[in-house]
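This report describes the fold, the packing and selected residues of one protein chain. Please keep the sequence and the model in view while reading.

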Amino acid sequence: MTSVRYGHMVIVIRHCGVMLTKELFLKRISDITPGKLDKPWTVDDFLKEYKKELLGYEHIKSKEHIFYPGEMEKAKVDEWDLSTFCLLLLEFCKLPRKIRQDILCLKHLRNKVVHFGGTKDIPESTYKNYIERMKGILRLCEEELNNKKLKSELDKIIENNQNIQQKDVEEGEKELKQWSIEDEKYNIGISIENNGKDVGEVKTRLLDYHMKFEENDRSTNIEISLSIGIGWQGEYKQSGELAAVQQDISSGTTSSPESSSMRTFRISIEKIRGDVREMGDPEFETAGSGSIIFKFTCSSVTSLIYLLDYFSGPIIQRRLLDMTMAIEEMIDDLVTLQVYVPSKVYEETIKTLDGVLKHEEGHRTFAYKREKFSAKIFNDPLYGQIELHPLCVKIIDTPQFQRLRYIKQLETVYLVYPGASHNRFEHSIGVCYLAGKLLRVLKERQPELDITTKDILCVEVAALCHDLGQGPFSHVFEKKFIPVYTFSDAGWKHEMASVKMFELILRENNGQLYDDFKRMIPSFEDRDIAFIKELIGVRRDINGENWPYEGRNRLKSFLYEVVANHVTGVDVDRWDYIARDSYMLGMENGFDHNRCIQHARVLTAEGRKQICYREKAAQDIYDMFYARLTLYRRAYQHKTHNIIGLMVCNALHDANDHISYVGENGVRVKMSDTIYDMKAYTHFTDDVIQKIQRSSKKSLEKSKATIERIVRRDFYKCICQTQVKVTEVVNLDYGSKDKDPVTNVWFFKKGQEDIPIRIDKDQVSFVLPDTFAEQYIRVYCSETDQELFDTIEESFAEWCKENKIPQPKGSRKPLASSSGQP
């Protein structure tokens with residue numbers, strides 16, 4: 001069976017190549033019509049004009065009947081192949097230089113794919129590079145052909161890399177090989193790999209050393225120098241002929257006025273240096289013809305791994321694509337660029353690491369377990385197989401994070417919807433995954449944002465830890481239980497406890513995790529810890545004149561919008577809980593966060609960088625807020641769930657003075673005071689209800705009776721409910737109270753990707769709501785006296801009438817003599 005990436009490239013080049021070159025040829029013969037003629041050339045006019053020259057090509061002469069079928073017939077253009085169109089375009093159609101380069105690049109890709117021959121799959125990085133090149137070639141449709149329909153067809157071929165049929169691949173492979181026969185034989189040249197090691201191979205070897213050091217409690221903070229080269233090989237010209245270009249780059253001078261291609265090359269090099277500057281300031285030196293060498297001095301094996309991670313990742317591939325095109329323009333050849341570690345440097349690095357191991361451990365064998373220090377795979381019901389960074393795994397394996405396994409995500413909703421038994425644990429992992437996914441897309445799409453590996457890891461850690469401070473039964477604890485015991489105007493928020501729990505994690509076990517942070521975060525600084533805590537903590541005003549944060553400056557303000565966006569409400573925390581809660585509740589979810597990621601872009605709006613979305617995603621964002629409202633209406637504010645929450649809160653209040661947990665220095669702390677002692681808070685989870693239920697203490701009898709009522713489903717009664725237009729008791733809204741939340745979101749238009757705009761809801765749809773919030777007044781009663789229920793219901797109905805509020809649903813006619821409020 002042919003490999004997937006190879007098969008897809010065969011299909012892409014076979015179909016896209018012919019369709020594109022055919023349309024381009026048909027347009028060019030019209031464009032090159034001599035001015036003395038009254039009407040444009042047809043294909044037959046063109047062939048007649050150049051018949052003598054064309055028949056001089058063996059490829060044309062051998063198939064003369066399809067080019068010159070006879071006086072009464074027209075040329076059979078549909079039977080022409082890619083080589084024919086390329087020949088005609090390059091030799092007879094006077095192509096602009098830029099388009100000529102694109103056709104040469106198409107031929108070049110054809111030769112490359114033929115060279116692979118299906119014997120082994122195309123490496124993923126190479127495959128992605130080929131696809132990017134094809135997309136660049138297809139931009140001809142917009143620039144030269146102005147044929148949107150054709151471009152749409154070609155885009156579909158490129159994007160459809162699934163369900164590729166073996167028969168189509170075999171036919172395409174046969175044609176590609178036949179087309180290549182007429183062209184100059186593919187010249188492999190001298191492989192750059194002979195001069196060095198592939199960065200992926202080096203990275204794998206360094207990971208092995210990293211695990212050995214970690215498993216045996218050895219520091220990975222070893223100063224190591226490493227050189228990484230970017231070398232190029234011409235398809236038809238040897239690398240020696242490229243020396244002049246390389247000399248110009250290294251010396252900073254040029255033998256002729258600097259071309260735009262030379263500037264592109266210089267800019268690409270500077271961008272690479274900028275990408276890795278936080279890993280150390282790289283030196284820059286020449287290394288003979290056809291290559292450029294970057295030299296780095298790293299302080300640890302971990303830093304080396306992150307460095308190689310960059311040089312084998314998607315960002316460098318985009319840089320290399322720009323450099324490739326620039327070099328091809330300068331030397332009029334087709335070239336291949338490759339990143340490598342010089343063999344001599346690689347051998348010296350391995351020798352250094354071996355020497356450290358022998359020096360510190362003598363001849364003792366290093367036994368290590370790979371899984372302990374490698375990234376861990378989690379099988380998530382929403383996202384499938386997801387991989388988390390080893391540092392995140394270390395956090396997950398702490399008691400403070402494991403505590404989240406015992407705190408329900410939806411408080412007591414599981415007593416109404418049996419499936420809603422998921423916990424804060426899996427939600428936190430999901431938010432971590434989405435945060436990394438969003439930032440990696442932005443990093444690849446907008447390299448100029450300077451999103452570093454360190455930035456992504458810090459945000460992932462914050463996303464993982466954002467709910468560490470949630471108390472038992474989450475919002476029941478925060479909104480109903482704790483306010484009785486605190487008197488601060490600002491009130492206590494779980495984000496405060498999340499920061500304190502994070503600090504405790506770093507202090508525990510003699511600061512072992514803090515040491516892990518220093519080893520695993522590239523170029524670690526204390527401000528990275530501050531940054532993580534800022535992302536976790538209570539919001540600050542990021543739209544003010546003075547920037548309120550220390551972890552990152554205003555240029556990276558968009559990073560503060562990823563986990564919890566307090567300006568627009570569009571963030572990965574919300575994306576995960578909407579998807580996860582809907583799934584566990586068994587409810588339909590019309591919102592897909594992947595569309596938001598697909599259409600995200602960072603732009604400068606109102607004086608700072610913000611995450612914006614393509615205007616076509618506005619409906620998706622409305623869908624997100626509507627999904628949130630639906631969850632609140634049907635689950636989060638379900639009346640039975642609220643009643644149970646009230647009963648749990650009453651049980652905790654009654655038990656507060658009689659249940660305690662061991663805190664710092666062995667001091668016992670009662671429940672309401674655990675928010676000031678994270679050691680005690682670590683042990684305070686939803687299981688407090690079982691603790692009360694199992695207790696035989698006389699002091700807990702009242703609390704225990706309330707819990708037993710919950711078990712028997714003898715709940716407090718919701719006597720009546722009505723809807724109002726003022727803020728009362730139960731609030732249901734789109735996330736911005738009574739305002740349209742999408743008015744806070746910035747968008748951009750296709751073709752104007754750098755201009756942030758606002759969108760009015762009427763530009764999205766005329767069926768969107770005019771009101772974005774509703775409120776309910778509910779009256780609960782803990783007694784079981786039906787006569788009392790009737791009195792309350794009648795009194796409440798009268799009160800609603802007097803205050804011109806809609807009557808409670810299903811209520812009887814209010815008593816004529818009733819007065820006063822319930």
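Is Phe-46 buried or exposed? Phe-46 is buried, because its relative accessible area is 0%; buried means under 20% relative accessible area, exposed over 50%, and partly exposed in between (1.4 Å probe, protein chains only).

## Basis and overall composition

The model is predicted: local features need pLDDT of at least 70 and side-chain atom pairs count only at pLDDT 80 or more, whereas totals for chains, interfaces and linings use all residues. Residues are numbered from 1 along each chain as its sequence is written, and side-chain values use heavy atoms, with hydrogens and water left out.

The protein contains 34 helices and 16 strands; helices (H or I, at least four residues) and strands (E, at least two) are DSSP runs, numbered from the N terminus. Of its 822 residues, 52% are buried. Contact means heavy atoms within 4.5 Å. Among contacts between residues at least 6 apart in sequence, 72% join residues at least 24 apart.

## Nonpolar cores

In soluble globular proteins, nonpolar side chains tend to be buried together. A nonpolar core is here a set of buried Ala, Val, Leu, Ile, Met, Phe, Trp, Tyr and Cys residues joined through side-chain atoms within 4.5 Å. The largest such core has 121 residues, and the members that touch the most others are Val-461, Phe-502, Phe-517, Trp-575 and Tyr-613. Helix α24 (residues 494-520) contributes the most to this core, with 10 residues. A second, separate core comprises 58 residues, including Leu-20, Ile-60, Phe-92 and Ile-99.

Which residues does Phe-502 touch, not counting residues up to four places away in sequence? They are Val-461, Cys-465, Leu-468, Phe-517, Ile-529, Ile-532, Lys-533 and Ile-536.

## Aromatic pairs

The whole structure holds 29 aromatic pairs. Rings of Phe, Tyr and Trp (its six-membered ring) pair if their centres lie within 6.5 Å; planes under 30 degrees apart count as stacked, over 60 as edge-to-face and the rest as tilted. The rings of Phe-46 and Phe-92 have centres 6.4 Å apart and planes at 90°, so this pair is edge-to-face. Because Phe-46 lies in helix α2 (residues 43-49) and Phe-92 in helix α6 (residues 82-92), the pair ties together parts that are 46 residues apart in sequence. Phe-92 is buried, with a relative accessible area of 9%.

Phe-294 and Phe-311 form a tilted pair, with 6.3 Å from centre to centre and 45° between the planes. Phe-294 belongs to strand β4 (residues 291-298) and Phe-311 to helix α15 (residues 301-311), 17 residues apart. Both Phe-294 and Phe-311 are buried. Elsewhere, ring pairs link Phe-25, Trp-41, Phe-46, Tyr-50, Phe-67, Trp-80, Phe-85 and Phe-92 into a cluster.

Helix α10 (residues 148-159) has 12 residues and spans 16 Å from its first C-alpha to its last, close to the expected 16 Å; the expected span is 1.5 Å times one less than the number of residues. Its buried residues are Leu-150, Lys-151, Leu-154, Ile-157 and Ile-158. They cover an arc of only 120° around the axis, which means that they lie on the same side of α10; the arc is that of the directions from the helix axis to the C-beta atoms. On the other side of α10, Lys-148, Lys-149, Lys-156 and Glu-159 are exposed.

## Two histidines

His-389 lies in the loop between β7 (384-388) and α19 (390-396). Not counting residues up to four places away in sequence, His-389 touches Tyr-306, Leu-457 and Met-520. The C-alpha atoms of His-389 and Glu-460 are 8.8 Å apart, although 71 residues separate them along the chain.

His-641 is in helix α29 (residues 639-655) and counts as buried, at 3% relative accessibility. Its side chain makes a polar contact of 2.7 Å with the side chain of Thr-412. A polar contact is a pair of N or O atoms within 3.5 Å; within protein, one must be able to donate a hydrogen and the other to accept it, and residues adjacent in sequence count only if both atoms are side-chain atoms.

## Residues with positive phi

Most residues other than glycine have a negative phi. Asn-665 has a positive phi, near 60°; Asn-665 is in the loop between β10 (660-662) and β11 (668-670) and is exposed, at 78% relative accessibility. Arg-713 also has phi near 60°. Arg-713 lies in the loop between α32 and β12 (717-724) and is partly exposed, at 46% relative accessibility.
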